[in-house]
Amino acid sequence: MIGGDLASWRASNGLRAAAFVTLAVALTLAIQLALHHRGGDGPAVPNIAGAGAAPAATSSAGAQAHVYGTGADAQDVASLASGAAGVAIAPLRPSAFTHPIAEYRAYARASARTLAARAAALERALATGDTGTSRAAWARADSSWRRVGAAYGALGALGDAIGGDAGGLARIEHGLWPGAAPRHLLPAARRLRTDVARLRAVLAGSAITPLDYATRAHEILEDVQRDDFGSTVPSDSGVRATADGIAATRVVLRTLAPVLAGRGDALAVSRASLDRLAATVAKIRRAHGGAYPRVATLSRTEREHLLGELGAALQGLSGVPDELETAVPPRPARIPAR
């Protein structure tokens, strides 16, 4: 979703707004039709009286009739319904994101050092031929990559080579869990180590736009929800991946806190929902001896609770891109009077 239009974040609100707009336009056309019949050669529109009836339309040339129960004409109701008649918060300049993105880059480059060390450790583990040791080393390397967090889409081919569907980490995962001999995966581990060695330099100059960064606070955990709880995930790593996603999301929110201040409650709501999700993960971990369990070993109650809190966290985080809007939406064209 990185690089997409922020309008996609308002899909649900847009549907409701569209309904109001449609109603307002319908009212306008109905009133204008009534005006036309009253002033033309056709039969007059009957005057409906009684409670709840709309007041009779005037025949002033060019006048827009008011929507019943308001002091506004139908055009203004349509504009209000679409959110274009006024903006609740002032749009941000792109320069407001300069410091948060720079702060994130410093964090990501430090995380890349940890990833480099763990990629080397993974290669050594595979060389021993021990599957259990190799799986544990893979999980630590994968965790470090996930905690890089906000840069995935800005790394291009390098990001795909490290963590993409056919990247080094994915290739090793799809070998280790079906039971491939660890030593057979050494070529993939060597390529991974080489790619990770380039990561810090690429992070320093990769293009991260304000739009990318604003949406990424929501997308990190959205990726976890989409990719790590299915039956086709070889390592079955959804619980651990959720913990990594929480950590990465908190970093992004921390850098954005000064920008979000005074623009609404998305930051407070997001932090509270992340705290609840983290508490759920911690409870599950304690119940499984202090280790992150495989999704398949969760009880039904644990799984439902985890996915419920993950969904609630995503709902809370969905307000962040709205409050980080950088442009005023255009006002709809006026509906011509007849």
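1. In this predicted model, the buried residues of α11 are covered by elements that include α9 (210–227), α10 (238–260), α12 (300–317) and α13 (319–323).

2. Which residues of α11 are buried? They are Ala266, Leu267, Ser270, Ser273, Leu274, Leu277, Ala278, Thr280, Val281 and Ile284. Viewed down the axis of α11, these buried residues fall within an arc of 155°, and they therefore line one face of the helix.

3. The face of α11 turned away from the buried side bears exposed residues, namely Ala268, Lys283, Arg286 and Ala287.

4. As to its geometry, α11 spans residues 266–287, 22 residues in total. From its first C-alpha to its last it reaches 32 Å, close to the 32 Å expected at 1.5 Å a residue. Just after α11, Gly289 adopts a positive phi of about 75°.

5. Turning to the whole chain, the secondary structure comprises 13 helices and zero strands. The pattern read along the sequence is accordingly written α-α-α-α-α-α-α-α-α-α-α-α-α.

6. The chain has 338 residues, of which 41% count as buried. Its accessible surface comes to about 17,000 Å², and carbon and sulfur atoms contribute 57% of that area.

7. Among contacts in the chain with a separation of 6 or more, 78% are accounted for by residues 24 or more positions apart.

Definitions and conventions
Residues numbered from 1 in each chain as written. Predicted model: local features only at pLDDT ≥ 70, side-chain atom pairs only at ≥ 80, totals over all residues. Heavy atoms only, no water. Helix = DSSP H or I, 4+ residues; strand = E, 2+ residues; numbered from the N terminus. Expected span 1.5 Å × (residues − 1). Buried < 20%, exposed > 50% of the residue type's maximum accessible area, 1.4 Å probe, protein only. Arc of directions from axis to C-beta. Contact = heavy atoms within 4.5 Å. Areas by Shrake-Rupley, 256 points an atom, 1.4 Å probe, with all protein chains shown as cover.
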